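This briefing is for a reader who has not seen the structure before.

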Amino acid sequence: MDPHRENGAHGPVSKKARRSSSITFEEIQEEFSHHERNVARINNGSFGSCPGSVLAAQREWQMLFLSQPDDFYFNRLQPALLESRSVIKSIINAADVDEVSLVDNATTAAAIVLQKVSWAFSEGTFSRGDAVLMLHYAYGAVKKSIQAYVSRAGGHVIEVPLPFPVSSDAEIIDEFKKALSLGKAGGRKVRLAVIDHITSMPSVVIPVKELTRICREEGVDQVFVDAAHAIGNVKIDVQDIGADFYTSNLHKWFFCPPSVAFLYCRKSQVSDDMHHPVVSHEYGNGLAIESGWIGTRDYSAQLVVPEVIRFINRFEGGIEGIRCRNHKKVIEMGKMLALSWGTRLGSPPEMCSSMVMVGLPGCLKVYNDKDALRLRKYLREFHNVEVPIYCCKQLTDGEVERISSSVITGYARISYQVYNVVEDYERLKKAIDDIITGEFHARLLPVTD
Amino acid sequence: MITDVEILNEFAHHEPGVARINNGSFGSCPASIIAAQKQWQLLVLRQPDEFYFNHLQPGLLSSRRVVQALINASDVDEVSLVDNATTAAAIVLQKVSWAFSEGVYSRGDAVIMLHYAYSAVKKSIQAYVSRAGGHVIEVPLPFPVSSNHEIIDEFRKALSLGKSEGRRVRLAVIDHITSMPSVVIPVKELTKICREEGVDQVFVDAAHAIGNVDVDVQDIGADFYTSNLHKWYFCPPSVAFLHCRKSPVSDDMHHPVVSSEYGKGLALESAWIGARDYSSQLVVPQVIDFIKRFNGGIEGIQRRNHKKVVETGKMLAESWGTCLGSPPEMSSSMVMVGLPCCLRIFSDEDALKLRRHLRDNHRIEVPIYCKAPRDVELGREWSNLVTGYARISHQVYNVADDYYRFRDVINRLVDDGFHCGMLS
């Protein structure tokens with residue numbers, strides 16, 4: 001028994017008594033009372049959210065460090081990190097806790113995987129022109145990371161075009177098979193496939209298990225699933241999905257404070273040569289241990305995972321219950337909005353998570369990314385509605401003149417998390433209706449670029 | 001001016017009853033800055049989108065401007081904020097790694113570092129330089145040391161040796177203040193020697209420097225300079241700056257965590273490396289306000305800390321019949337004090353065990369260093385050899401009693417016939 005656990009097996013102990021019934025609506029509002037009032041916060045997908053009781057636990061860890069940092073470093077930090085990693089291992093069904101590393105975010109996880117690819121090119125394990133495959137809707141930061149580590153090192157990048165709006169997994173699978181075939185033409189080796197579990201913009205749930213299987217069949221060396229949005233949002237079973245690397249942010253849908261993510265690396269010869277780019281004392285001791293000390297910093301967000309489990313267990317059905325209700329509600333809200341505006345959803349419910357893409361009326365004239373940002377800013381500043389806007393058709397000036405106002409070019413990515421209420425979405429509806437009634441559109445809105 | 005009572009209150013969160021004489025390892029942060037940090041954190045949690053779009057970048061730029069002024073950098077573009085010096089080292093060394101991989105450097109070109117370089121940095125050099133085909137030169141340094149000359153001589157010798165047979169030295173990694181044992185290194189002089197001897201670039205690892213000794217990056221003249229603001233500059237964990245003097249090379253520096261700002265310059269890349277807590281990087285302007293409450297500002301704090309730690313070091317050395325590891329002018333707000341030989345500190349393990357013993361049994365927090373005795377000396381006269389040193393720190397919250405306790409505990413251990421061999 002670890003003598004340093006006298007303060008409670010999980011460090012600072014929640015002072016609330018054990019509950020026999022589920023958390024109430026009022027208690028949920030109290031947990032998120034630090035959210036700015038009057039803001040219809042329907043963008044949990046971007047920056048996530050963290051309940052008050054988890055924030056309090058985090059502060060306790062922070063004060064523990066500040067009060068006696070040497071004692072914290074020598075006696076408390078590593079056991080607490082191991083505890084968090086063990087919890088995650090169970091949730092994602094990893095075979096071994098050594099396979100689970102904690103990092104800041106999925107962006108860092110991507111750098112770790114891609115830096116390994118970079119070394120393979122530099123050291124001649126991969127040959128110039130060998131390929132890395134990614135989805136067209138891969139996250140912007142990941143695309144840049146692929147440029148920085150793969151293209152720069154001599155790798156060839158294959159992009160899989162994806163349809164949007166999309167109506168079935170088959171459409172995605174077909175495009176993927178086509179792109180992979182094309183990429184392999186001329187005997188090119190595909191060393192790594194980077195596949196999103198849930199794309200960011202536009203947000204769609206990708207059939208990762210199927211695509212991973214196709215990769216294996218087609219001789220792709222390794223598969224990296226960028227699942228930044230997944231944990232707490234869709235079910236995750238890493239053994240079932242079968243990828244080599246899998247990462248997800250815990251601060252998006254898993255109630256952790258910013259920021260903490262896990263990177264799962266399936267045990268294999270290659271996974272022994274994964275390194276955190278910030279090299280410190282633990283270099284060479286395995287990625288999980290390396291990531292457990294990357295110099296003096298605030299590790300508190302990585303230590304509250306057990307507290308988060310306590311929070312989640314206050315909800316009926318735990319995390320599965322939360323996921324199912326969020327999904328059901330976001331679809332309901334999405335359909336309500338689409339019906340009201342005479343538009344549509346960007347993908348069918350079974351391809352949505354706790355987020356859904358809702359078509360915006362064409363008369364809003366969202367014709368490029370700038371328009372989308374402008375509309376988002378306007379909604380924030382004039383209507384206190386926070387929702388990201390996506391433009392699915394970047395139009396040239398000529399196309400702008402010819403396009404009919406019935407064509408849907410813009411989508412709102414609405415999220416539903418436990419703190420959301422129906423009024424949040426009705427406010428979005430009203431805001432859009434007001435813009436249309438006032439005969440405004442994205443380019444006429446009174447915000448500076 | 002801040003009073004003694006106010007200082008005590010600012011650090012009231014430090015564990016009571018602990019003689020905390022190790023500011024050097026993990027630093028310290030006053031309560032008013034912790035509160036300021038909390039305000040920033042709450043701002044993010046309240047409305048993170050608004051924070052991201054409207055507050056984060058202006059806030060980081062303010063911090064960078066403060067640092068620019070502090071270190072006399074000529075341009076704010078030269079100043080990037082990162083988590084810690086360990087991250088800064090990874091940035092500089094990754095660039096060296098690419099240079100080898102891309103053929104800009106040839107296999108066998110060298111990187112030179114001090115023997116007392118921080119172990120994390122040594123590993124980083126292994127991970128990025130050795131692995132990429134670079135040759136590593138280590139400069140042996142004397143300790144105890146009595147003058148800058150000793151260090152400069154060894155450096156010149158090692159550089160000469162390293163360059164023999166026409167080897168190119170691509171980078172010198174020089175500590176401004178070594179960690180263990182802690183000594184102030186004559187970085188300006190060593191940088192000048194590097195320029196004279198054709199070393200391509202100089203990276204000063206000054207993790208301990210800011211708030212501890214004067215820092216003027218233009219005067220020192222290195223290409224890269226990093227220091228942790230959470231050690232001696234009252235910031236919360238963690239925040240550091242990396243200064244990159246403008247040059248064609250500095251345009252190709254990248255943060256290893258690549259995000260949307262890739263290619264826009266290191267300062268901007270570092271300002272967004274994905275969603276995370278940037279609050280410790282945002283409180284720097286507020287730290288300036290805290291420091292202004294002290295007589296003489298940061299220079300006043302530096303001077304008083306240095307004076308006190310040297311005074312205290314001498315008091316301890318006298319009481320124990322030992323010596324200081326370096327003269328006052330080569331010490332900062334930290335000093336190495338020899339421990340009585342009879343404690344028999346003969347290995348790194350002994351040093352660690354003694355440190356733990358002092359923490360667990362006497363509530364004294366102080367790092368112990370072992371200068372491993374050479375076997376021949378060990379056989380002969382170990383009873384007169386100082387092999388162990390305590391690295392004592394002095395920061396504004398320390399009081400004389402912290403050191404008297406330490407003095408008395410060691411004396412008691414000596415009287416009791418205690419030695420490290422008794423520790424498990």
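**Interface of chains A and B**

Chain B and chain A bury about 5,700 Å² between them, with 56% of that area on carbon and sulfur atoms. On the side of chain B, Phe26(B), Trp98(B) and Arg131(B) lose the most area to chain A, and together they account for 14% of what that side buries. The model is predicted.

- The contact involves 62 residues of chain B and 60 residues of chain A.
- The rule finds 9 salt bridges across the interface of chain B and chain A.
- Asp70(A) forms a salt bridge with Arg355(B), and their closest N and O atoms are 2.6 Å apart.
- There are 33 residue pairs in polar contact across the interface of chain B and chain A, counting pairs with both residues at pLDDT 80 or more.
- On the side of chain B that touches chain A, the elements giving two or more residues are α2 (23-26), α3 (31-46), α4 (48-71), α5 (85-101), α6 (119-130) and α15 (348-362) of chain B.
- The residues of that side of chain B divide into 25 nonpolar, 21 polar and 16 charged.

**The sheet of chain A**

- Chain A has an open sheet of 7 strands with mixed pairing, in the order β2-β8-β7-β6-β5-β3-β4.
- Its edge strands are β2 (100-103) and β4 (156-160) of chain A, each of which pairs on one side only.
- From one strand to the next, the twist averages 20 degrees.
- Strands β5 (residues 190-196) and β6 (residues 222-226) of chain A run parallel and are joined by 5 bridges.
- Ile195(A) has Val225(A) as its bridge partner in β6(A).

**Helices across the sheet**

- Helix α5 (residues 106-122) of chain A lies across β2, β3 (131-135), β5, β6, β7 (245-249) and β8 (261-265) of chain A, and runs at about 165 degrees to β6(A).
- Helix α7 (residues 169-184) of chain A lies across β3, β4 and β5 of chain A, and runs at about 155 degrees to β4(A).

**Salt bridges**

- Over all chains, the structure holds 53 salt bridges.
- In one of them, the side chains of Lys184(A) and Glu218(A) meet at 3.0 Å, N to O.
- This pair links distant parts of the chain, 34 residues apart: Lys184(A) is in helix α7 of chain A, while Glu218(A) is in the loop between α8 (208-217) and β6 of chain A.

Technical notes: Residues are numbered from 1 along each chain as its sequence is written. Chains are lettered from A and ligands numbered from 1 in the order in which they are written. This is a predicted model: local features need pLDDT of at least 70, side-chain atom pairs count only at pLDDT 80 or more; totals for chains, interfaces and linings use all residues. Side-chain values use heavy atoms; hydrogens and water are left out. Contact means heavy atoms within 4.5 Å. Buried area is the accessible area (1.4 Å probe) that two parts lose on being put together, summed over both. A salt bridge is a side-chain nitrogen of Lys or Arg within 4 Å of a carboxyl oxygen of Asp or Glu. A polar contact is a pair of N or O atoms within 3.5 Å; within protein, one must be able to donate a hydrogen and the other to accept it, and residues adjacent in sequence count only if both atoms are side-chain atoms. Helices (H or I, at least four residues) and strands (E, at least two) are DSSP runs, numbered from the N terminus. Ala, Val, Leu, Ile, Met, Phe, Trp, Tyr, Cys and Pro count as nonpolar, Asp, Glu, Lys and Arg as charged, and the others, Gly among them, as polar. Two strands pair if DSSP finds at least two bridges between them. Axes are lines fitted to C-alpha atoms, for helices over the stretch in contact, and angles run from 0 to 180 degrees between N-to-C directions.
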